[in-house]
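Good morning, and thank you for coming. Please look at the sequence and the model on the screen while I speak.

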Amino acid sequence: MFVLELTYTAPLDAVDALLPDHVAWLEEQYEKGFFLASGRKNPRDGGVILAVAEDRAAIEEIVARDPFSAGGVCTYRVTEFIATKTAPELDRHRQTLS
């Protein structure tokens, strides 16, 4: 599982100009089963996405296709973690330590 933290590197008007494309990209990732939750940070200086994928390389490929990333209005911090405890709704994403 991964926590993706976006930090805006451009003024909000530049971010907002890419927002419709970013939202379409988010919806595509939800449909493919990669994203579990997402939203803006408060204060609005970026966002957070909770994601699942086979490995970090897959996540980095997904992130590179984000219109925010491609448009140069944000940077991503990718944190991988082992989800050993989850809410019942996320049981299928629970992992065990090896």
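Predicted model: local features only at pLDDT ≥ 70, side-chain atom pairs only at ≥ 80, totals over all residues.

Setting aside neighbours within four places in sequence, His93 is in contact with Met1, Leu36, Val52 and Ala83, where contact means heavy atoms within 4.5 Å. His93 lies in the segment after strand E4 (74–80). Helices here are DSSP runs of H or I with at least four residues, strands are runs of E with at least two, and both are numbered from the N terminus. The relative accessible area of His93 is 14%, so this residue is buried; the term means under 20%, exposed means over 50%, and partly exposed lies in between, with a 1.4 Å probe and protein chains only.

Residues are numbered from 1 along each chain as its sequence is written, and side-chain values use heavy atoms, with hydrogens and water left out.

Let us turn to Glu54. This residue sits in the loop between strand E3 (46–51) and helix H2 (56–64). Glu54 counts as exposed because its relative accessibility is 79%.

Finally, the whole protein. Three helices and four strands form its secondary structure, in the order β-α-β-β-α-α-β from the N terminus. Buried residues account for 31% of the 98 residues. The C-alpha trace spans about 45 × 25 × 20 Å along its principal axes.
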